[in-house]
Amino acid sequence: VQPSFNQRALIVGAGRAGRTLLAELQKASGNQTNPFRGTGYELLGFIDDNPELIGQTIGGLPVLGDHKQLVQTAVAQRVDEIILAITFRHALSPALFDTLLLCREAGMRLTTMPTIYERLLKRVPVEHLGGDFHLVMPMHENQSERLYGLFKRGFDIFMALAGLVVLGLFIPLVFLANRISSPGPLFYTQLRVGRSGKPFTILKFRSMRPDAEANGAAVWASQNDPRVTPIGRVLRKTRLDELPQVINVLRGEMSIIGPRPERPEFVEQLAAKIPFYRARHSVRPGITGWAQVCYRYGESVEDARIKLEYDLYYVTHCSFLLDLIILLKTAAIMLQFKGR
């Protein structure tokens with residue numbers, strides 16, 4: 001990127017949100033800077049009202065002063081943009097608010113940490129939203145969104161009907177392979193949480209041993225899970241184990257594209273630990289989704305948090321174009337045997 005395209009910026013707030021943003025911007029800039037993705041920044045330093053931080057260096061950036069020095073510092077440093085990295089808006093003092101308005105009056109752009117984070121990572125920073133519920137849930141529906149919803153449902157039905165034909169072709173093959181390598185049921189059913197938090201029974205080709213959860217307790221799947229059968233590994237690599245879910249789509253319980261539905265036991269566990277977790281239930285769950293094509297298989301609470309950030313990005317930005325991107329990425333994963 002040419003220097004003239006870099007945005008000279010100050011981060012207001014040297015706390016956890018500001019440090020998280022700095023780390024992600026530094027990581028992205030180390031790979032490839034792109035001002036249209038939010039990575040073409042020249043970060044100049046922090047502004048923070050904590051007197052203990054002033055003069056310190058955090059992540060290689062100096063804390064240049066408090067809000068009283070913000071305008072003077074921004075003008076002297078020829079700042080293009082002020083990034084507000086304060087998670088809870090009630091922590092924004094009237095004096096700082098007025099100072100930010102002065103910066104805007106001077107021609108500097110004002111933006112927030114979640115905005116830059118989303119543009120950079122295509123994820124929603126759930127731990128840095130405070131009480132801003134509108135950032136993870138659409139608060140109104142316009143005519144184009146209603147049209148998109150109708151189109152998507154029609155697309156779901158069309159794809160599911162086509163999928164039934166493919167399902168019919170694969171059932172005999174999967175049945176024979178399972179009978180040889182791991183005798184047991186052809187299909188696997190499991191309770192999952194769907195739209196509006198309503199439970200439903202998901203249908204999949206069985207890819208694990210019949211006694212995978214013999215003790216009845218829910219277990220996180222893991223990489224190279226020993227419970228997976230030989231034919232199950234092939235089904236997972238190609239994601240063909242998900243094919244029977246076209247029946248769930250026809251029932252209206254799922255969509256082709258959306259957040260992956262989770263088990264009720266894990267939903268309760270994750271909702272207690274991760275902010276906004278239940279917001280993913282505002283749309284139909286999907287056979288494939290943004291989190292599935294962007295991130296690895298989840299094996300922990302931290303993985304679930306990152307996948308939630310991708311899911312909420314989809315919830316707030318779902319569109320024809322994003323759906324097309326997800327479909328193309330899913331096809332590439334299937335063709336390259338990268339499923340898990």
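Does Phe187 count as buried, exposed or partly exposed, and at what relative accessibility? In this predicted model, Phe187 counts as partly exposed, because its relative accessibility is 30% and the buried class ends under 20%. At 1% relative accessibility, Phe205 counts as buried.

A pair of aromatic rings is described by the distance of the centres and the angle of the planes. For Phe187 and Phe205, the centres are 5.6 Å apart and the planes meet at 10°, so the pair is stacked. Phe187 belongs to strand S7 (residues 187-193) and Phe205 to strand S8, so the pair ties together parts that are 18 residues apart in sequence. Trp290 and Tyr313 form another stacked pair, with 6.2 Å from centre to centre and 25° between the planes. Trp290 lies in helix H9 (residues 290-294) and Tyr313 in helix H10 (residues 301-317), so this pair ties together parts that are 23 residues apart in sequence. Both Trp290 and Tyr313 are buried. Ring pairs also link Tyr148, Phe151 and Phe320 into a cluster. A charged side chain meets a ring elsewhere. Arg123 lies over the face of Tyr310, at 5.4 Å from the ring centre.

Two packed helices are described by the angle between their axes and the distance between the axes. The axes of H5 and H11 are 11 Å apart, and the helices pack at an angle of about 30°. H5 and H11 are therefore roughly parallel to each other, since angles under 35 degrees fall in that class. On the H5 side, the contact is made by Tyr148, Phe151, Lys152 and Phe155. H11 contributes Phe320, Asp323 and Leu327. Five residues of this contact are nonpolar, two are charged and none is polar.

Helix H5 also packs against H6. The axes of H5 and H6 come within 8 Å and cross at roughly 145°. Val174, Ala177, Asn178 and Ser181 of H5 make the contact with Pro230, Ile231 and Leu235 of H6. Here the residues divide into five nonpolar, two polar and no charged.

Helix H6 spans residues 230-238. Its buried residues are Ile231, Gly232, Leu235, Arg236 and Thr238. An α-helix has 3.6 residues a turn, so residues three or four places apart point the same way. The buried residues of H6 pack against helix H5 (143-181), strand S8 (199-205) and helix H11 (320-335). After H6 comes Arg239, whose phi is positive, near 65°.

Asn248 lies 45 residues from Leu203 in sequence. In space, the two are 7.2 Å apart, C-alpha to C-alpha. With residues up to four places away in sequence left out, Asn248 touches Phe200, Thr201, Ile202, Leu203, Glu253 and Met254.

How values were computed: Residues are numbered from 1 along each chain as its sequence is written. This is a predicted model: local features need pLDDT of at least 70, side-chain atom pairs count only at pLDDT 80 or more; totals for chains, interfaces and linings use all residues. Side-chain values use heavy atoms; hydrogens and water are left out. Buried means under 20% relative accessible area, exposed over 50%, partly exposed in between (1.4 Å probe, protein chains only). Helices (H or I, at least four residues) and strands (E, at least two) are DSSP runs, numbered from the N terminus. Contact means heavy atoms within 4.5 Å. Rings of Phe, Tyr and Trp (its six-membered ring) pair if their centres lie within 6.5 Å; planes under 30 degrees apart count as stacked, over 60 as edge-to-face and the rest as tilted. A charge sits over a ring if NZ of Lys or CZ of Arg is within 6 Å of the ring centre and within 35 degrees of the ring normal. Axes are lines fitted to C-alpha atoms, for helices over the stretch in contact, and angles run from 0 to 180 degrees between N-to-C directions. Angles under 35 degrees count as roughly parallel, over 145 as roughly antiparallel, 65 to 115 as roughly perpendicular and the rest as oblique. Ala, Val, Leu, Ile, Met, Phe, Trp, Tyr, Cys and Pro count as nonpolar, Asp, Glu, Lys and Arg as charged, and the others, Gly among them, as polar.
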